[in-house]
Amino acid sequence: MITRVKYILILVLFSMSACFTANAAHEEGENINVRELILDHVGDSYDWHMATIGDKHISIPLPVIVKGKDSGWHVFMSSKFHHGHDSYMGFSIAQEGDYKGKIVETLDSGEVVRPWDISLTKNAASLLMSSIVLVVILMMCARWYKKRENSPEEISPKGFIAFVELVIMSVVDGVIKPCIGKNYKRYTPYLLTVFFFIIFNNLLGLIPIFPGGANVTGNIAVTSVLALFTFVIVNIFGSREYWKEIFWPEVPAWLKLPIPIMPAIELVGVFTKPFALMIRLFANILAGHAIVLGLTCMIFLTVSLGTTMNTVMTGLSVVMTVFIDFIELLVAYIQAYVFTMLSSVFIGLSQVEPHHHKD
């Protein structure tokens, strides 16, 4: 009972604090552009913003690597841009137009062009960092099993190692093995890598502060590369019967000749499968981030309705945001599970064996 009262008091104090902050911002004449705020937070950037105290932005600068049209390659830190307010060596971050948020180069003629840009952005840095952490964690688990080789079989994993084994076996026995069949071991390393990569980055994206907050799996470039890997594996390692069913399926002859209707439909299906993988993961993760940010913005949008209404809506916003965050924890697992399951199904369909007709 006492614990519940503490939680309620914390929630009320947090709501009042957020309300006063929102009122202060309103009195200072700051207008919140919800659409721009959400797009800025789910988009990529050249520095890792951590907090804003007054007019001071606290962020981690990231390396900028660009090649100008005539000036060659340049490497410098994004702090040279002073959060997009300044230019450096002719380069600046566009504030509007087709290249908004991207680095552009202003030539001597005044023309603004887009340079070659292979900078380490926030999403790229988060992706590298999460991959390194994930490799370290899984190597620790593998090291434990390697040490156990000389120990009696009765020794069972405990704690975190046991949890990782539980997750791995549930994915292998519940998804990969039944979907692919007898050749499942060949594809298990790839599918487990995809599963852990997605779920780890999904969970990291739910943390609002460094080292989280990056929208890696809600980035269409990342999901398209993951879908491309599955596409290549399905079609490179597909069996002879798989390709036969695409170009010469077992349907009435008039559906194949003289107009190849069914082969055309089957060929379209080859490309729609990875497209569905890409869009499903991208849209679900992006929508989750947008909902959480939209609920947070409700605090600032209700400032003009008065202190009482703003306090009530702030409390509602906090409760709904916490609720959606818990839902997002479930979504983080479900999306990793669904991507792995669909990839397994597509791979399993490409392993089809010849049909043996009865005489």
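Modeller: The model is predicted. By class, four nonpolar, two polar and one charged residues make up the lining of the largest cavity. Those residues are Asn 202, Leu 206, Ile 285, His 289, Glu 328, Val 331 and Ala 332. H5, H8 and H9 are the elements that each give two or more residues to this lining, and H9 provides the largest share of it, three residues. The volume of the largest cavity is about 30 Å³, and the count of cavities of 30 Å³ or more comes to one.

As for the nonpolar packing, the largest nonpolar core has 41 residues, and Ile 176 and Ile 198 touch the most other members. At least two residues of this core come from each of helix H3 (122-147), helix H4 (159-180), helix H5 (184-206), helix H6 (220-236), helix H7 (240-247), helix H8 (261-301) and helix H9 (307-349). H5 supplies the largest share, 11 residues. Leaving out residues up to four places away in sequence, Ile 198 has contacts with Thr 217, Leu 226, Leu 281, Ala 336 and Phe 339. In general, nonpolar side chains tend to be buried together in soluble globular proteins.

Definitions and conventions
Residues numbered from 1 in each chain as written. Predicted model: local features only at pLDDT ≥ 70, side-chain atom pairs only at ≥ 80, totals over all residues. Heavy atoms only, no water. Core = buried A, V, L, I, M, F, W, Y, C linked by side-chain atoms within 4.5 Å. Buried < 20%, exposed > 50% of the residue type's maximum accessible area, 1.4 Å probe, protein only. Helix = DSSP H or I, 4+ residues; strand = E, 2+ residues; numbered from the N terminus. Contact = heavy atoms within 4.5 Å. 1 Å grid on protein atoms, 1.4 Å probe; cavity = no way out; pocket = protein on both sides within 12 Å on 5 of 7 lines; lining within 4 Å. Points joined across faces, edges and corners; volume = space filled by probe spheres on them. Nonpolar A, V, L, I, M, F, W, Y, C, P; charged D, E, K, R; others polar.
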